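Good morning, colleagues. Please look at the sequence and the model on the screen, and I shall then go through the two chains in turn.

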Amino acid sequence: MTADRRRAHRTPEGSRTHMSRTPDESRTGQARTPDGSRPGKALASDGSRTCPAPAVQNSRSRSRPARAAVPLLLRWSVLLAAVVGWEAAARAHGSVYFPPPLRIARHAHGLWFSGPLGHLFLTRAAVDTILPSLGRMAAGFVLAAVAGIALGIAVGRSRRAYALCNPVLQFARAVPPPALVPVFVVVLDFGTPMQVASIAFSALWPVLVNSAEGARATDPLRLEVAAVLRLTGPERLWFLVLPSALPRIFAGLRLSLSLSLILMVFSELLPGTADGIGFTLTDAQTRSDLLTVWSALMLLGVLGFLLNTGLLAVERRLIGPGRSS
Amino acid sequence: MLRLDSVRQRYGDHPVLDGISLTVPDGQLLCVVGPSGCGKSTLLRTIAGLLPAHEGTITVDGTPVTGVPERLAVVFQEYGRSLLPWLTVRDNVALPLRRRGLRRAARHAEAEAILERVGLSGVARRHPRQLSGGMQQRVAIARALVCRPSLLLMDEPFGSLDARTREDLEDLLLEVHRADGTTIVFVTHDIDESVYVGDRVVVLSHGPGSRVVRDLAVDLPGERDQIGTRGLPGFVALRTEVGRAVRHGE
């Protein structure tokens with residue numbers, strides 16, 4: 001068990017190159033690398049929580065004291081040190097290409113967060129830049145989540161459906177999502193529908209595959225209990241299958257969330273967009289406004305972090321005390 | 001009344017049960033004993049309608065078993081898996097009441113009443129994982145009793161509990177059985193337990209292809225107690241006989 005856990009917690013690279021993988025491990029590998037590309041910072045910042053082993057109740061309760069072993073302040077100290085180092089190095093070097101982080105922060109503040117109190121300090125530029133991006137991302141992610149969970153549970157509940165759909169799923173998620181954007185551009189033309197469709201389609205696969213795996217791994221004894229208790233189909237789904245699959249569903253949702261962010265930026269980098277964070281990036285780049293480029297990058301990092309934190313909070317709320325104790 | 005008529009069961013080419021015939025009259029507490037791996041659990045799952053019998057018939061009150069029979073309840077050994085960890089104790093127990101069309105408040109009241117009966121008051125709002133093993137198995141028993149079963153199947157229910165907890169739960173079971181007169185099929189590999197708890201003990205032979213090798217009535221006084229009953233000469237004689245049948249049964 002401990003050996004399994006150690007392996008399951010290893011880096012994705014480790015579990016991918018290992019020759020003899022345990023079933024746990026290969027599933028973990030799937031959860032983390034839906035498309036072969038690195039799924040981005042949302043995952044890396046919290047890799048240990050994407051361990052969706054069947055014994056997730058145990059690993060959860062045991063990883064908690066381990067995390068508490070590093071006090072809050074100390075945990076942030078590395079990030080703080082990195083920023084301080086960056087500041088010092090950038091100042092010492094004085095390059096126009098690499099402005100110091102404090103200047104970037106001041107620039108971002110002036111650009112987006114110096115608005116009136118009534119607008120939550122958001123400036124017009126922020127409303128025109130951040131909100132359209134977040135709106136597209138939310139629309140794409142929610143579409144992907146709803147469709148992915150529903151289809152995933154349906155596929156995972158039926159052995160035959162799983163066997164039939166699995167090759168399709170493996171193929172679909174192996175295609176690097178940004179490569180599909182040109183297809184959507186041709187089909188839907190430039191604009192928000194194309195962007196939402198790109199995000200939704202890319203974010204669908206991780207949550208679908210993980211939901212299917214989660215539903216498939218429902219404890220057979222509990223299914224017997226459900227049969228003996230004569231639960232109806234919907235009751236069985238609501239009280240047994242869905243809660244069993246929840247840790248895996250959230251593993252998929254976290255991947256989908258970071259993919260949504262990637263696709264949001266990518267689809268806004270294309271010509272034909274008129275607003276959004278990605279547009280700000282390309283626009284600032286053409287004007288050689290590196291401070292704005294760096295500000296947009298920082299903003300994306302902060303957004304990704306906040307969104308992931310929000311998702312983790314939802315997860316913790318849903319996978320309640322019954323699981324963790 | 002539960003009737004098994006030459007029931008056979010196999011996994012692929014591997015015979016598990018080789019013609020089991022049994023009649024369990026209403027209100028009897030039948031213990032099924034046998035060496036591990038002899039197909040006791042398979043027998044129980046077949047009676048519960050979870051596994052279709054390969055050959056032979058099972059009837060409950062004259063109705064052939066095709067799916068899970070009405071008013072049947074099962075208590076499994078692995079309470080940690082059989083209870084749903086994401087539901088509170090009360091919601092676990094109240095789960096089978098949903099199909100009776102009771103309102104939420106009525107379901108909760110009934111669940112709490114049955115929890116009190118199995119000696120668990122004040123834990124209704126906790127989650128199963130917050131309770132000890134013995135308490136969790138009490139919750140599972142409460143969930144089985146809450147829909148007033150006429151046939152209760154128990155698959156080594158106390159097998160993973162410590163000695164003292166096990167004795168307490170054996171006495172709880174006897175108390176429930178005396179009060180409700182439920183027909184109970186109790187599977188165990190513990191010879192002492194089978195004689196202490198049962199009205200009748202059936203011994204299965206070693207697999208593959210288990211058969212009934214011994215069918216003994218337990219004629220001990222109805223009131224049993226952990227110290228006194230186990231010292232009775234009748235108890236000692238019976239456990240010796242069952243023990244011999246388990247060891248040498250073929």
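**Fold, confidence and surface**

Chain A has 16 helices and zero strands; helices (H or I, at least four residues) and strands (E, at least two) are DSSP runs, numbered from the N terminus. Residues are numbered from 1 along each chain as its sequence is written, while chains are lettered from A and ligands numbered from 1 in the order in which they are written. This is a predicted model, in which local features need pLDDT of at least 70, side-chain atom pairs count only at pLDDT 80 or more, and totals for chains, interfaces and linings use all residues; side-chain values use heavy atoms, with hydrogens and water left out.

Let me begin with confidence. pLDDT is the predictor's confidence in each residue, from 0 to 100. The average for chain A is 78, and 77% of its residues score at least 70. Residues 1–63 of chain A have a pLDDT below 50, yet this stretch has 92 contacts in the model beyond near neighbours in sequence, a contact being heavy atoms within 4.5 Å. Where pLDDT is low, the predicted coordinates should not be read in detail.

Of the 325 residues of chain A, 46% count as buried, that is, under 20% relative accessible area, with exposed meaning over 50% and partly exposed in between (1.4 Å probe, protein chains only). The accessible surface of chain A comes to about 16,100 Å², and 70% of it belongs to carbon and sulfur atoms; the areas come from the Shrake-Rupley method with a 1.4 Å probe, and for residues only the protein chains shown count as cover.

Which residues form a nonpolar patch on the surface? They are L72(A), W76(A), L79(A), V83(A), V302(A), F305(A) and L306(A), with about 670 Å² of accessible area together. Two or more residues each come from α6 (72–93) and α15 (290–318) of chain A, and α6(A) gives the most, with four. Patch residues have over 30% relative accessible area and no salt bridge, nonpolar side chains (Val, Leu, Ile, Met, Phe, Trp, Tyr) being joined within 5 Å and like charges within 9 Å. A salt bridge is a side-chain nitrogen of Lys or Arg within 4 Å of a carboxyl oxygen of Asp or Glu. V83(A) lies in helix α6 of chain A and counts as partly exposed because its relative accessibility is 35%.

I turn now to chain B. Strands β1 (residues 2–11) and β2 (residues 14–24) of chain B run antiparallel, joined by eight bridges; two strands pair if DSSP finds at least two bridges between them. R8(B) stands opposite D18(B) in β2(B), and its bridge partner in β4(B) is E55(B).
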